[in-house]
Amino acid sequence: MTGWPRSSCTRPFSASTAIAVCTALGASLLTGCGVLPGGSVGSRDTLTVMTWAPEGTNATNKPGMPALAEAYGRWANANGGIDGHELRVITCNERNTPVGAATCARQAVDEKAVAVVGSYSQYGRSFMAPLEAAGIPYIGGYGLSDEEFTSSLSYPVNGGQVALMAGSGKQLARNCAAVALVRPDSVAGDALPTLLDSGLKEAGREPALDIKAPEDAGDYTSQADRALDHAGSAGSDAEGCVSAVLGERTETFVDSFRRLKDRNEADNVHVASILGSVDQSLVNRTGGANGPFEGAYVTGWYPDSGDPRWDGMHELIREHAFGDNRIDPADVGVQTTYIAYTVLKAAIEAVDSDEIDARALAKALDNGPGVSTGGLTPTLRWHMKDLLGVPQFPRMVNPGVTFQVVRNGKLVSDTMEAVDVTDTLTNSSVD
């Protein structure tokens, strides 16, 4: 993990605290603290929100998500708050454990948070029950757990990992005659083969070979050998693909895979994945255009990170993250957190009240106007008529995925428009 050492839960300076500190240091230092350049903060009640994600674990870590949340809070308060409300952002280390997820949820309840925003956890059973009991909405989670798509207090901004995997199947079906899937040997990983196969099946392709792998292994040679053997069975005149969906351990797997591929001269076998397991920073540090990801197929939720529709997020990071190296603007967790806070802002403005609690915010999300994200997603609404009715994922409102490919060392869009996976998910048979 990069960045500063962190405790499980942190409480960054609110605007009022910063003012007190600056006053103690002398009025001449006030302008150096970055407070109030956009006007007064706190003319209405202060609103507390939480963002959690795992940090410092042996599996997937997402420190950029709470870091982006803190930067968003600084941006909001520097510009007069959100609809006059000072935003108090607290963060929590979810630790990639059920206990950690439950602890963060209870912290949100104890701190009287009006929402949990842009967070990452695969343990929906652990965190959703405390939030539901307190009436706290969960806005824009990463989409790893079933509860994010079933709870009436969940407001997903994307189709979650289920949409990525179904979309990946559709993307790979265009070119890959044989596909091997290397995925975590975990409860969350068990659903991935069915979802990938649903996209392959639509195009008449054979199911992928399902290869389970430890989430925290230091070497994946045996899994890479099986994957390469299966993908190579497509023959020299056809393309085979190895889809590696192992979060941060994808890089470790690809190290093993690259050695075997070079040794076997398997030029017809390509790497594939989903954003979250592969991003631009990983492509860069593994050799860019000369690395193993050149030509890789990658499925995402949003436009590629170089798209001008992300300009607002880039500006926020540049002006209010203060060089925080935990934040990678190409990371889909960071991007999801930015979109989730965009939704939060719209909901607070829709309530338009001096006092806002969690239940009022949830009511605004249920009944308010649609939220525009500047084209990063479709207009987001969670009215009954906007829910897509996908079996097992009833809260889904955004079924779009994007097809991307690594060309000349850069992740770029491979389709002009988002691809709708509603039918693919409807026809899948995830338990």
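In which strand is the place of Ser273? I looked it up and found Ser273 in strand S10, residues 269–274. Helices (H or I, at least four residues) and strands (E, at least two) are DSSP runs, numbered from the N terminus.

Before going on, I noted the basis. This is a predicted model, in which local features need pLDDT of at least 70, side-chain atom pairs count only at pLDDT 80 or more, and totals for chains, interfaces and linings use all residues. Residues are numbered from 1 along each chain as its sequence is written, and side-chain values use heavy atoms, with hydrogens and water left out.

I checked the accessibility of Ser273: the relative value is 1%, so Ser273 counts as buried (under 20% relative accessible area; exposed is over 50%, partly exposed in between; 1.4 Å probe, protein chains only).

I listed its contacts (heavy atoms within 4.5 Å), leaving out residues up to four places away in sequence. Ser273 touches Ser168, Ser243, Ala244, Val245, Val278, Tyr297, Val298 and Thr299.

I turned to strand S9, residues 239–244. Of its 6 residues, 6 are buried, so S9 is largely enclosed by the rest of the structure. Glu239, Cys241 and Ser243 point one way, while Gly240, Val242 and Ala244 point the other way. In a regular strand the side chains alternate between the two faces of the sheet.

I then traced the pairing (at least two DSSP bridges between two strands). S7, residues 176–184, runs parallel to S9 with 6 bridges, and Ala180 has Val242 as its bridge partner. S9 and S10 are also parallel, over 4 bridges; there Cys241 is partnered by His270.
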